[in-house]
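Here is a set of questions and answers about a structure and the spaces in it. Each answer sets a value against the rule behind it.

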Amino acid sequence: MFKNLINGEWLDGAAVSRNINPSDTRDLVGEYAQADAAQAELAITAATAAFPAWSLSTPQQRFDILDAVGTEILARRAELGDLLAREEGKTLPEAIGEAGRAGYIFKFFAGEALRPGGETMPSVRPGVGVEVTREAIGVVGLITPWNFPIAIPAWKIAPALAYGNCVVFKPADLVPGSAWALAEILSRSGLPAGVFNLVMGRGSVVGEKLLHDPRVAAISFTGSVATGQKVATAAVARMAKFQLEMGGKNPMVVLDDADLGVAVNAAVNSGFFSTGQRCTASSRLIVTEGIHDRFVAAMVEKMKSLKVDDARKAGTDIGPVVDASQLRQDTDYLGIAQDEGGTLAHGGQRVETNADGAPGFYLTPALITNTTAAMRINKEEVFGPVVSVMRAKNYDEALALANDSPFGLASGIATTSLKHATHFKRHAQAGMVMVNLPTAGVDYHVPFGGRKGSSYGPREQGRHAAEFYTTVKTAYTQA
Ligand SMILES: NC(=O)C1=CN([C@@H]2O[C@H](COP(=O)(O)OP(=O)(O)OC[C@H]3O[C@@H](n4cnc5c(N)ncnc54)[C@H](OP(=O)(O)O)[C@@H]3O)[C@@H](O)[C@H]2O)C=CC1
Ligand SMILES: O=C(O)CCC(=O)C(=O)O
(Lines give C-alpha, C1' and ligand atoms only; values in the text may rest on other atoms or scores of the structure.)
(Ligands and ions follow the chains in the order given, each with its own letter.)
Protein backbone atom coordinates (compact mmCIF):
# COMPACT_ATOMS: atom_id res chain seq x y z
CA MET A 1 0.00 0.00 0.00
CA PHE A 2 1.31 3.41 -0.98
CA LYS A 3 0.84 5.91 1.84
CA ASN A 4 0.35 9.62 2.24
CA LEU A 5 3.29 11.85 3.20
CA ILE A 6 2.38 14.15 6.06
CA ASN A 7 4.89 16.06 8.17
CA GLY A 8 7.70 13.85 6.87
CA GLU A 9 5.95 10.59 7.77
CA TRP A 10 4.22 8.00 5.60
CA LEU A 11 0.68 7.48 6.92
CA ASP A 12 -2.09 5.03 6.08
CA GLY A 13 -5.29 6.65 4.83
CA ALA A 14 -8.85 6.24 6.01
CA ALA A 15 -9.59 4.15 2.91
CA VAL A 16 -7.81 2.59 -0.06
CA SER A 17 -8.07 3.38 -3.76
CA ARG A 18 -7.28 0.85 -6.49
CA ASN A 19 -5.24 2.25 -9.37
CA ILE A 20 -6.29 0.39 -12.56
CA ASN A 21 -4.43 0.23 -15.89
CA PRO A 22 -6.80 1.53 -18.61
CA SER A 23 -4.92 -0.49 -21.27
CA ASP A 24 -5.72 -3.71 -19.40
CA THR A 25 -8.33 -3.34 -16.70
CA ARG A 26 -7.26 -6.67 -15.14
CA ASP A 27 -3.95 -5.06 -14.19
CA LEU A 28 -3.89 -3.44 -10.74
CA VAL A 29 -1.14 -0.80 -10.72
CA GLY A 30 -1.30 -0.55 -6.94
CA GLU A 31 -3.35 0.29 -3.89
CA TYR A 32 -3.06 3.83 -2.59
CA ALA A 33 -4.08 5.49 0.66
CA GLN A 34 -7.11 7.77 0.58
CA ALA A 35 -7.11 10.46 3.22
CA ASP A 36 -10.17 11.72 5.05
CA ALA A 37 -10.73 15.34 6.04
CA ALA A 38 -8.92 14.80 9.38
CA GLN A 39 -5.77 13.69 7.58
CA ALA A 40 -5.98 16.64 5.18
CA GLU A 41 -6.24 18.84 8.28
CA LEU A 42 -3.05 17.23 9.68
CA ALA A 43 -1.22 18.05 6.46
CA ILE A 44 -2.36 21.68 6.55
CA THR A 45 -1.24 21.94 10.18
CA ALA A 46 2.18 20.49 9.31
CA ALA A 47 2.61 22.85 6.35
CA THR A 48 1.55 25.83 8.47
CA ALA A 49 4.13 24.95 11.14
CA ALA A 50 6.89 24.47 8.56
CA PHE A 51 6.26 27.74 6.73
CA PRO A 52 8.12 30.31 8.88
CA ALA A 53 11.46 28.50 8.62
CA TRP A 54 11.07 27.41 4.99
CA SER A 55 10.08 30.88 3.83
CA LEU A 56 13.43 32.07 5.21
CA SER A 57 15.50 29.24 3.71
CA THR A 58 18.33 30.40 1.48
CA PRO A 59 18.21 30.42 -2.32
CA GLN A 60 21.12 27.93 -2.20
CA GLN A 61 19.10 25.48 -0.06
CA ARG A 62 16.12 25.68 -2.40
CA PHE A 63 18.32 25.41 -5.51
CA ASP A 64 20.12 22.33 -4.20
CA ILE A 65 16.90 20.52 -3.34
CA LEU A 66 14.98 21.33 -6.53
CA ASP A 67 18.00 20.64 -8.72
CA ALA A 68 18.54 17.23 -7.09
CA VAL A 69 14.87 16.36 -7.56
CA GLY A 70 15.12 17.32 -11.24
CA THR A 71 18.27 15.24 -11.66
CA GLU A 72 16.64 12.15 -10.15
CA ILE A 73 13.48 12.50 -12.23
CA LEU A 74 15.56 12.82 -15.41
CA ALA A 75 17.70 9.82 -14.49
CA ARG A 76 14.56 7.74 -13.83
CA ARG A 77 12.39 9.10 -16.64
CA ALA A 78 12.02 5.73 -18.41
CA GLU A 79 10.77 4.03 -15.23
CA LEU A 80 8.54 6.97 -14.21
CA GLY A 81 7.22 7.17 -17.77
CA ASP A 82 6.36 3.48 -17.72
CA LEU A 83 4.35 3.92 -14.51
CA LEU A 84 2.63 6.98 -15.97
CA ALA A 85 1.69 5.18 -19.21
CA ARG A 86 0.44 2.23 -17.18
CA GLU A 87 -1.85 4.25 -14.92
CA GLU A 88 -3.04 6.97 -17.35
CA GLY A 89 -2.87 5.37 -20.79
CA LYS A 90 -0.79 7.81 -22.82
CA THR A 91 1.81 6.09 -25.00
CA LEU A 92 5.22 5.23 -23.57
CA PRO A 93 7.14 7.85 -25.63
CA GLU A 94 4.61 10.50 -24.56
CA ALA A 95 4.82 9.39 -20.94
CA ILE A 96 8.63 9.31 -20.87
CA GLY A 97 8.60 12.75 -22.50
CA GLU A 98 6.26 13.99 -19.78
CA ALA A 99 8.50 12.62 -17.03
CA GLY A 100 11.47 14.35 -18.65
CA ARG A 101 9.49 17.56 -18.80
CA ALA A 102 8.82 17.28 -15.05
CA GLY A 103 12.56 16.90 -14.43
CA TYR A 104 13.39 19.99 -16.48
CA ILE A 105 10.66 21.96 -14.69
CA PHE A 106 12.36 21.25 -11.34
CA LYS A 107 15.69 22.32 -12.82
CA PHE A 108 14.15 25.51 -14.25
CA PHE A 109 12.68 26.50 -10.88
CA ALA A 110 15.90 25.54 -9.07
CA GLY A 111 17.45 28.30 -11.19
CA GLU A 112 14.59 30.67 -10.42
CA ALA A 113 15.24 30.21 -6.67
CA LEU A 114 18.63 31.83 -7.31
CA ARG A 115 17.10 34.79 -9.15
CA PRO A 116 14.68 36.33 -6.65
CA GLY A 117 15.07 39.85 -8.05
CA GLY A 118 13.55 42.98 -6.55
CA GLU A 119 13.82 46.71 -7.17
CA THR A 120 15.15 49.65 -5.24
CA MET A 121 14.24 53.20 -6.13
CA PRO A 122 14.14 56.64 -4.59
CA SER A 123 10.89 57.75 -3.03
CA VAL A 124 9.07 60.84 -4.24
CA ARG A 125 9.85 62.15 -0.72
CA PRO A 126 13.36 63.40 0.09
CA GLY A 127 15.63 61.07 2.08
CA VAL A 128 13.34 58.05 1.69
CA GLY A 129 14.30 54.83 -0.08
CA VAL A 130 11.87 52.30 -1.54
CA GLU A 131 12.40 48.56 -1.97
CA VAL A 132 9.99 46.32 -3.87
CA THR A 133 10.45 42.63 -3.09
CA ARG A 134 8.51 39.41 -3.41
CA GLU A 135 7.74 37.07 -0.51
CA ALA A 136 6.24 33.61 -0.23
CA ILE A 137 2.50 33.54 0.37
CA GLY A 138 2.25 30.64 2.86
CA VAL A 139 0.60 27.24 2.57
CA VAL A 140 -0.54 26.49 -0.97
CA GLY A 141 -3.08 23.80 -1.88
CA LEU A 142 -2.32 22.18 -5.24
CA ILE A 143 -5.14 20.23 -6.90
CA THR A 144 -4.23 18.44 -10.11
CA PRO A 145 -6.03 16.45 -12.85
CA TRP A 146 -5.35 12.97 -14.21
CA ASN A 147 -4.23 13.82 -17.75
CA PHE A 148 -0.67 14.98 -16.93
CA PRO A 149 0.04 12.96 -13.77
CA ILE A 150 3.63 14.18 -13.28
CA ALA A 151 4.13 17.36 -15.36
CA ILE A 152 1.22 19.35 -13.92
CA PRO A 153 2.15 18.47 -10.31
CA ALA A 154 5.74 19.45 -11.16
CA TRP A 155 4.77 22.82 -12.59
CA LYS A 156 2.83 23.65 -9.44
CA ILE A 157 5.09 22.07 -6.77
CA ALA A 158 8.44 23.32 -8.13
CA PRO A 159 7.57 27.06 -8.22
CA ALA A 160 5.67 26.82 -4.93
CA LEU A 161 8.80 25.49 -3.19
CA ALA A 162 11.26 27.66 -5.15
CA TYR A 163 9.57 30.82 -3.88
CA GLY A 164 9.43 29.58 -0.26
CA ASN A 165 5.89 28.25 0.14
CA CYS A 166 4.79 25.05 1.86
CA VAL A 167 2.69 22.59 -0.13
CA VAL A 168 -0.31 20.35 0.41
CA PHE A 169 -0.63 18.40 -2.82
CA LYS A 170 -3.84 16.57 -3.76
CA PRO A 171 -3.43 14.57 -6.99
CA ALA A 172 -6.32 13.20 -9.06
CA ASP A 173 -7.74 10.01 -7.64
CA LEU A 174 -7.31 8.21 -10.98
CA VAL A 175 -3.51 8.60 -11.10
CA PRO A 176 -1.97 8.40 -7.63
CA GLY A 177 1.05 6.39 -8.83
CA SER A 178 3.04 9.18 -10.49
CA ALA A 179 2.12 11.57 -7.67
CA TRP A 180 3.36 9.11 -5.07
CA ALA A 181 6.60 8.49 -6.99
CA LEU A 182 7.22 12.23 -7.18
CA ALA A 183 6.44 12.63 -3.47
CA GLU A 184 8.85 9.81 -2.64
CA ILE A 185 11.64 11.63 -4.49
CA LEU A 186 10.78 14.87 -2.68
CA SER A 187 10.73 13.02 0.67
CA ARG A 188 14.45 12.19 0.24
CA SER A 189 15.47 15.58 -1.13
CA GLY A 190 16.38 17.33 2.11
CA LEU A 191 13.14 19.29 2.47
CA PRO A 192 12.31 19.87 6.16
CA ALA A 193 9.31 17.87 7.46
CA GLY A 194 5.97 19.48 6.62
CA VAL A 195 7.24 21.64 3.75
CA PHE A 196 5.81 19.22 1.20
CA ASN A 197 2.82 16.99 1.97
CA LEU A 198 1.09 14.46 -0.27
CA VAL A 199 -2.59 13.91 0.52
CA MET A 200 -4.13 11.40 -1.85
CA GLY A 201 -7.90 11.21 -1.52
CA ARG A 202 -11.17 12.28 -3.08
CA GLY A 203 -11.70 15.77 -4.41
CA SER A 204 -14.98 15.98 -2.55
CA VAL A 205 -13.14 15.31 0.73
CA VAL A 206 -9.47 16.38 0.58
CA GLY A 207 -10.00 18.96 -2.17
CA GLU A 208 -12.93 20.56 -0.34
CA LYS A 209 -10.88 20.72 2.88
CA LEU A 210 -8.15 22.65 1.05
CA LEU A 211 -10.69 25.05 -0.41
CA HIS A 212 -12.24 25.93 2.94
CA ASP A 213 -9.38 25.89 5.46
CA PRO A 214 -8.40 29.51 6.24
CA ARG A 215 -4.74 28.48 6.72
CA VAL A 216 -4.44 27.61 3.01
CA ALA A 217 -3.40 30.95 1.55
CA ALA A 218 -3.68 30.00 -2.11
CA ILE A 219 -5.13 27.28 -4.33
CA SER A 220 -3.74 26.32 -7.74
CA PHE A 221 -6.18 24.12 -9.65
CA THR A 222 -6.20 22.35 -13.01
CA GLY A 223 -9.25 20.34 -14.07
CA SER A 224 -12.83 20.75 -15.19
CA VAL A 225 -14.77 24.00 -15.48
CA ALA A 226 -17.37 22.76 -12.97
CA THR A 227 -14.79 22.07 -10.26
CA GLY A 228 -12.90 25.26 -11.15
CA GLN A 229 -16.05 27.22 -10.42
CA LYS A 230 -16.29 25.57 -6.98
CA VAL A 231 -12.67 26.50 -6.28
CA ALA A 232 -13.35 30.11 -7.28
CA THR A 233 -16.50 30.41 -5.17
CA ALA A 234 -14.83 28.95 -2.07
CA ALA A 235 -11.66 31.01 -2.47
CA VAL A 236 -13.49 34.29 -3.00
CA ALA A 237 -15.68 33.64 0.05
CA ARG A 238 -12.60 33.63 2.28
CA MET A 239 -10.43 35.96 0.15
CA ALA A 240 -7.80 33.30 -0.68
CA LYS A 241 -5.63 33.67 -3.77
CA PHE A 242 -6.53 31.22 -6.56
CA GLN A 243 -5.51 30.23 -10.04
CA LEU A 244 -7.52 28.03 -12.42
CA GLU A 245 -6.58 26.14 -15.58
CA MET A 246 -9.67 24.51 -17.03
CA GLY A 247 -10.96 23.42 -20.37
CA GLY A 248 -10.40 24.28 -23.96
CA LYS A 249 -12.21 23.99 -27.30
CA ASN A 250 -9.11 24.89 -29.22
CA PRO A 251 -9.43 25.74 -32.92
CA MET A 252 -6.95 25.03 -35.66
CA VAL A 253 -7.47 27.05 -38.81
CA VAL A 254 -6.27 25.49 -42.06
CA LEU A 255 -6.01 27.96 -44.93
CA ASP A 256 -6.00 27.22 -48.65
CA ASP A 257 -2.29 28.07 -48.84
CA ALA A 258 -1.30 25.66 -46.04
CA ASP A 259 1.25 22.93 -46.59
CA LEU A 260 -1.12 19.94 -46.51
CA GLY A 261 1.37 17.63 -44.76
CA VAL A 262 2.16 20.20 -42.08
CA ALA A 263 -1.55 20.87 -41.48
CA VAL A 264 -2.49 17.19 -41.24
CA ASN A 265 0.40 16.34 -38.92
CA ALA A 266 -0.41 19.25 -36.62
CA ALA A 267 -4.12 18.40 -36.56
CA VAL A 268 -3.56 14.67 -35.93
CA ASN A 269 -0.98 15.35 -33.24
CA SER A 270 -2.98 17.90 -31.32
CA GLY A 271 -6.37 16.29 -31.90
CA PHE A 272 -5.60 12.65 -31.20
CA PHE A 273 -2.27 12.16 -29.46
CA SER A 274 -2.51 11.53 -25.72
CA THR A 275 -5.94 10.16 -26.76
CA GLY A 276 -7.15 13.75 -27.18
CA GLN A 277 -7.03 14.16 -23.40
CA ARG A 278 -5.24 17.50 -23.34
CA CYS A 279 -6.78 20.85 -22.52
CA THR A 280 -4.67 22.16 -25.43
CA ALA A 281 -6.05 19.60 -27.93
CA SER A 282 -7.26 20.99 -31.27
CA SER A 283 -10.83 19.75 -31.24
CA ARG A 284 -12.19 22.21 -33.84
CA LEU A 285 -10.64 22.21 -37.32
CA ILE A 286 -11.72 25.25 -39.31
CA VAL A 287 -10.83 24.70 -42.96
CA THR A 288 -11.22 27.08 -45.90
CA GLU A 289 -13.13 25.99 -49.01
CA GLY A 290 -10.19 25.54 -51.40
CA ILE A 291 -8.41 22.93 -49.29
CA HIS A 292 -11.32 21.45 -47.32
CA ASP A 293 -11.93 18.24 -49.26
CA ARG A 294 -8.22 17.49 -49.82
CA PHE A 295 -7.53 18.13 -46.12
CA VAL A 296 -10.36 15.86 -44.92
CA ALA A 297 -9.26 13.08 -47.30
CA ALA A 298 -5.64 13.38 -46.10
CA MET A 299 -6.76 13.37 -42.45
CA VAL A 300 -8.75 10.18 -43.00
CA GLU A 301 -5.79 8.53 -44.76
CA LYS A 302 -3.48 9.47 -41.87
CA MET A 303 -6.03 8.31 -39.28
CA LYS A 304 -6.21 4.88 -40.94
CA SER A 305 -2.52 4.43 -40.16
CA LEU A 306 -2.88 5.21 -36.42
CA LYS A 307 -2.50 2.17 -34.21
CA VAL A 308 -4.78 2.10 -31.17
CA ASP A 309 -3.39 -0.35 -28.65
CA ASP A 310 -1.80 -0.88 -25.23
CA ALA A 311 -0.14 2.37 -24.18
CA ARG A 312 3.14 0.64 -23.33
CA LYS A 313 3.46 -1.42 -26.51
CA ALA A 314 6.04 -0.34 -29.09
CA GLY A 315 4.33 1.13 -32.15
CA THR A 316 1.14 2.26 -30.41
CA ASP A 317 0.07 5.72 -31.58
CA ILE A 318 -3.02 6.12 -29.42
CA GLY A 319 -3.54 4.52 -26.03
CA PRO A 320 -6.86 3.95 -24.27
CA VAL A 321 -9.20 6.54 -22.82
CA VAL A 322 -8.47 7.02 -19.11
CA ASP A 323 -11.57 5.35 -17.65
CA ALA A 324 -15.12 4.20 -18.26
CA SER A 325 -16.67 7.53 -17.36
CA GLN A 326 -14.50 9.53 -19.79
CA LEU A 327 -15.17 6.90 -22.47
CA ARG A 328 -18.92 7.36 -21.95
CA GLN A 329 -18.49 11.12 -22.31
CA ASP A 330 -16.58 10.63 -25.59
CA THR A 331 -19.13 8.25 -27.12
CA ASP A 332 -22.04 10.41 -25.90
CA TYR A 333 -20.57 13.36 -27.81
CA LEU A 334 -20.15 11.21 -30.93
CA GLY A 335 -23.89 10.54 -30.73
CA ILE A 336 -24.75 14.17 -30.02
CA ALA A 337 -22.66 15.40 -32.98
CA GLN A 338 -24.37 13.02 -35.39
CA ASP A 339 -27.83 13.79 -34.01
CA GLU A 340 -27.09 17.47 -34.65
CA GLY A 341 -26.29 16.73 -38.32
CA GLY A 342 -22.54 16.05 -38.28
CA THR A 343 -21.09 13.22 -40.39
CA LEU A 344 -18.82 10.63 -38.82
CA ALA A 345 -16.16 10.65 -41.57
CA HIS A 346 -13.89 8.16 -39.84
CA GLY A 347 -13.33 6.25 -36.58
CA GLY A 348 -15.28 6.58 -33.36
CA GLN A 349 -15.43 2.80 -32.86
CA ARG A 350 -15.38 1.36 -29.38
CA VAL A 351 -12.79 -1.43 -29.22
CA GLU A 352 -13.34 -3.74 -26.25
CA THR A 353 -9.93 -5.44 -26.24
CA ASN A 354 -6.48 -4.60 -27.57
CA ALA A 355 -4.43 -6.65 -30.05
CA ASP A 356 -3.43 -9.05 -27.25
CA GLY A 357 -7.00 -9.55 -26.10
CA ALA A 358 -6.67 -7.41 -22.97
CA PRO A 359 -9.82 -5.50 -21.99
CA GLY A 360 -9.36 -1.73 -21.99
CA PHE A 361 -11.08 1.58 -22.68
CA TYR A 362 -10.17 1.81 -26.38
CA LEU A 363 -11.80 4.15 -28.88
CA THR A 364 -10.57 4.76 -32.42
CA PRO A 365 -9.94 8.44 -33.17
CA ALA A 366 -13.00 10.09 -34.68
CA LEU A 367 -13.37 12.82 -37.30
CA ILE A 368 -16.75 14.52 -37.64
CA THR A 369 -17.33 16.63 -40.72
CA ASN A 370 -20.14 18.97 -41.84
CA THR A 371 -20.40 20.64 -38.45
CA THR A 372 -21.40 24.20 -37.65
CA ALA A 373 -20.55 26.62 -34.87
CA ALA A 374 -24.01 26.23 -33.34
CA MET A 375 -23.53 22.51 -32.62
CA ARG A 376 -22.63 21.35 -29.11
CA ILE A 377 -19.65 19.43 -30.54
CA ASN A 378 -18.10 22.82 -31.39
CA LYS A 379 -18.97 24.47 -28.09
CA GLU A 380 -18.31 21.89 -25.34
CA GLU A 381 -15.07 20.16 -24.38
CA VAL A 382 -15.15 16.41 -25.09
CA PHE A 383 -11.65 15.59 -23.79
CA GLY A 384 -11.23 12.55 -25.99
CA PRO A 385 -10.02 11.56 -29.50
CA VAL A 386 -12.93 13.35 -31.15
CA VAL A 387 -12.31 16.19 -33.62
CA SER A 388 -14.83 18.14 -35.67
CA VAL A 389 -14.40 20.00 -38.96
CA MET A 390 -16.09 23.26 -39.97
CA ARG A 391 -15.91 24.88 -43.41
CA ALA A 392 -15.01 28.56 -43.74
CA LYS A 393 -15.33 30.75 -46.83
CA ASN A 394 -12.08 32.61 -46.23
CA TYR A 395 -9.53 33.70 -43.62
CA ASP A 396 -11.81 36.33 -42.06
CA GLU A 397 -14.62 33.85 -41.51
CA ALA A 398 -12.15 31.26 -40.20
CA LEU A 399 -10.78 33.73 -37.64
CA ALA A 400 -14.29 34.67 -36.53
CA LEU A 401 -15.20 30.99 -36.09
CA ALA A 402 -11.96 30.34 -34.20
CA ASN A 403 -12.79 33.11 -31.74
CA ASP A 404 -16.44 32.10 -31.42
CA SER A 405 -15.95 30.05 -28.25
CA PRO A 406 -16.47 30.42 -24.50
CA PHE A 407 -12.90 29.11 -24.16
CA GLY A 408 -9.58 30.73 -25.08
CA LEU A 409 -6.66 28.49 -24.21
CA ALA A 410 -4.76 27.73 -27.44
CA SER A 411 -5.44 28.63 -31.06
CA GLY A 412 -3.57 27.39 -34.14
CA ILE A 413 -3.24 28.19 -37.81
CA ALA A 414 -1.66 26.29 -40.72
CA THR A 415 -0.67 28.69 -43.46
CA THR A 416 2.28 29.72 -45.63
CA SER A 417 1.10 33.33 -45.62
CA LEU A 418 3.15 35.60 -43.37
CA LYS A 419 0.36 38.16 -43.57
CA HIS A 420 -2.29 35.77 -42.24
CA ALA A 421 0.03 34.22 -39.66
CA THR A 422 0.91 37.66 -38.31
CA HIS A 423 -2.71 38.80 -38.25
CA PHE A 424 -3.80 35.56 -36.54
CA LYS A 425 -1.16 35.84 -33.81
CA ARG A 426 -2.47 39.32 -33.04
CA HIS A 427 -6.21 38.60 -33.25
CA ALA A 428 -6.68 35.04 -31.96
CA GLN A 429 -8.51 35.29 -28.63
CA ALA A 430 -6.33 32.76 -26.81
CA GLY A 431 -3.54 32.67 -24.28
CA MET A 432 -1.32 30.65 -26.63
CA VAL A 433 -1.12 30.81 -30.42
CA MET A 434 0.65 28.28 -32.66
CA VAL A 435 1.57 28.75 -36.32
CA ASN A 436 2.17 25.55 -38.34
CA LEU A 437 2.46 23.63 -35.05
CA PRO A 438 0.11 21.51 -32.96
CA THR A 439 -1.83 23.54 -30.36
CA ALA A 440 -0.80 20.94 -27.75
CA GLY A 441 2.66 20.14 -26.46
CA VAL A 442 3.98 23.35 -24.97
CA ASP A 443 7.42 24.40 -23.68
CA TYR A 444 8.16 24.28 -19.94
CA HIS A 445 10.00 27.58 -19.57
CA VAL A 446 7.38 30.05 -20.85
CA PRO A 447 3.94 31.12 -19.59
CA PHE A 448 1.06 28.67 -19.93
CA GLY A 449 -2.59 29.64 -19.69
CA GLY A 450 -5.58 31.06 -21.46
CA ARG A 451 -8.42 33.57 -21.59
CA LYS A 452 -12.19 33.56 -21.25
CA GLY A 453 -13.54 30.35 -19.66
CA SER A 454 -10.22 28.49 -19.91
CA SER A 455 -8.18 30.11 -17.17
CA TYR A 456 -8.39 32.49 -14.28
CA GLY A 457 -5.63 34.25 -12.41
CA PRO A 458 -1.94 34.63 -13.14
CA ARG A 459 -0.20 32.40 -15.68
CA GLU A 460 1.56 29.16 -14.71
CA GLN A 461 5.11 28.17 -15.70
CA GLY A 462 8.17 30.10 -16.67
CA ARG A 463 9.12 33.27 -14.79
CA HIS A 464 5.46 34.35 -14.74
CA ALA A 465 4.80 31.68 -12.09
CA ALA A 466 6.22 34.12 -9.51
CA GLU A 467 3.09 36.22 -9.86
CA PHE A 468 0.95 33.52 -8.26
CA TYR A 469 3.40 31.99 -5.79
CA THR A 470 4.64 35.26 -4.28
CA THR A 471 3.19 38.45 -2.91
CA VAL A 472 4.77 41.85 -3.49
CA LYS A 473 6.04 43.96 -0.60
CA THR A 474 6.90 47.65 -0.91
CA ALA A 475 9.16 48.86 1.94
CA TYR A 476 9.97 52.54 2.67
CA THR A 477 13.03 53.59 4.72
CA GLN A 478 13.84 57.07 6.02
CA ALA A 479 17.62 57.28 5.96
N1 LIG B 1 -8.04 21.32 -18.21
C2 LIG B 1 -7.58 20.13 -17.99
O3 LIG B 1 -6.39 19.91 -18.07
C4 LIG B 1 -8.50 19.05 -17.60
C5 LIG B 1 -9.84 19.09 -17.90
N6 LIG B 1 -10.64 18.07 -17.51
C7 LIG B 1 -12.07 18.13 -17.89
O8 LIG B 1 -12.83 17.72 -16.79
C9 LIG B 1 -13.65 16.60 -17.12
C10 LIG B 1 -13.83 15.74 -15.91
O11 LIG B 1 -12.59 15.29 -15.38
P12 LIG B 1 -12.42 15.15 -13.82
O13 LIG B 1 -11.23 14.35 -13.49
O14 LIG B 1 -13.70 14.66 -13.23
O15 LIG B 1 -12.13 16.68 -13.40
P16 LIG B 1 -12.24 17.34 -12.00
O17 LIG B 1 -12.27 18.80 -12.17
O18 LIG B 1 -13.35 16.71 -11.21
O19 LIG B 1 -10.89 16.90 -11.29
C20 LIG B 1 -9.72 17.67 -11.21
C21 LIG B 1 -9.16 17.64 -9.79
O22 LIG B 1 -10.08 18.30 -8.91
C23 LIG B 1 -10.41 17.43 -7.83
N24 LIG B 1 -11.74 17.73 -7.34
C25 LIG B 1 -12.93 17.18 -7.73
N26 LIG B 1 -13.95 17.73 -7.04
C27 LIG B 1 -13.40 18.64 -6.20
C28 LIG B 1 -13.95 19.54 -5.23
N29 LIG B 1 -15.27 19.60 -4.98
N30 LIG B 1 -13.11 20.33 -4.54
C31 LIG B 1 -11.78 20.29 -4.77
N32 LIG B 1 -11.20 19.45 -5.67
C33 LIG B 1 -12.01 18.65 -6.38
C34 LIG B 1 -10.27 16.05 -8.43
O35 LIG B 1 -10.16 15.06 -7.43
P36 LIG B 1 -10.64 13.53 -7.75
O37 LIG B 1 -9.82 13.04 -8.84
O38 LIG B 1 -10.38 12.84 -6.47
O39 LIG B 1 -12.09 13.64 -8.08
C40 LIG B 1 -8.99 16.23 -9.23
O41 LIG B 1 -7.87 16.18 -8.38
C42 LIG B 1 -12.92 15.95 -18.27
O43 LIG B 1 -13.75 15.18 -19.04
C44 LIG B 1 -12.40 17.15 -18.99
O45 LIG B 1 -13.42 17.69 -19.80
C46 LIG B 1 -10.15 17.02 -16.81
C47 LIG B 1 -8.83 16.92 -16.49
C48 LIG B 1 -7.90 17.93 -16.90
O1 LIG C 1 -0.28 20.55 -24.25
C2 LIG C 1 0.48 20.57 -23.28
O3 LIG C 1 1.69 20.43 -23.40
C4 LIG C 1 -0.08 20.79 -21.91
C5 LIG C 1 -1.53 20.43 -21.81
C6 LIG C 1 -2.08 20.54 -20.45
O7 LIG C 1 -1.50 21.12 -19.57
C8 LIG C 1 -3.37 19.92 -20.13
O9 LIG C 1 -3.95 19.27 -20.98
O10 LIG C 1 -3.80 20.04 -18.98
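Predicted model: local features only at pLDDT ≥ 70, side-chain atom pairs only at ≥ 80, totals over all residues.

Q: How much of ligand 1 does the protein cover?
A: On its own, ligand 1 has 860 Å² of accessible area, and the protein covers 86% of it.

Q: Which residues around ligand 1 come nearest?
A: There are 27 residues around the ligand, and Thr 144, Glu 208, Ser 224, Met 246 and Gln 326 come nearest. By class, this shell has 10 nonpolar, 11 polar and 6 charged residues.

Q: Why is ligand 1 said to sit in the largest pocket?
A: A molecule sits in a pocket if more than half of its atoms lie within 2 Å of the pocket's grid points. Ligand 1 sits in the largest pocket, so more than half of its atoms meet that cut-off. Helix H7 (203-212), strand S10 (216-222), helix H8 (225-237) and helix H11 (324-339) each give two or more residues to the shell around the ligand. H7 gives the most, with 4 residues.

Q: What lines the largest pocket?
A: The lining has 37 residues, and Trp 146, Phe 221, Gly 223, Ser 224 and Thr 227 lie nearest the centre of the pocket. H7, S10, H8 and H11 are the elements that give two or more residues to this lining. H7 gives the most here, with 5 residues. The volume of the pocket is about 990 Å³.

Q: Which residues are closest to the centre of the second largest pocket?
A: This pocket has a volume of about 480 Å³. Among its 20 lining residues, Pro 116, Gly 117, Arg 134, Tyr 163 and Thr 470 are the closest to the centre. Strand S6 (128-136) is one of the elements that give two or more residues to the lining, and its share, 3 residues, is the largest. By class, the lining has 8 nonpolar, 5 polar and 7 charged residues.

Definitions and conventions: Residues numbered from 1 in each chain as written. Chains lettered and ligands numbered in written order. Heavy atoms only, no water. Near = heavy atom within 4 Å. Areas by Shrake-Rupley, 256 points an atom, 1.4 Å probe, with all protein chains shown as cover. 1 Å grid on protein atoms, 1.4 Å probe; cavity = no way out; pocket = protein on both sides within 12 Å on 5 of 7 lines; lining within 4 Å. Nonpolar A, V, L, I, M, F, W, Y, C, P; charged D, E, K, R; others polar. Points joined across faces, edges and corners; volume = space filled by probe spheres on them.
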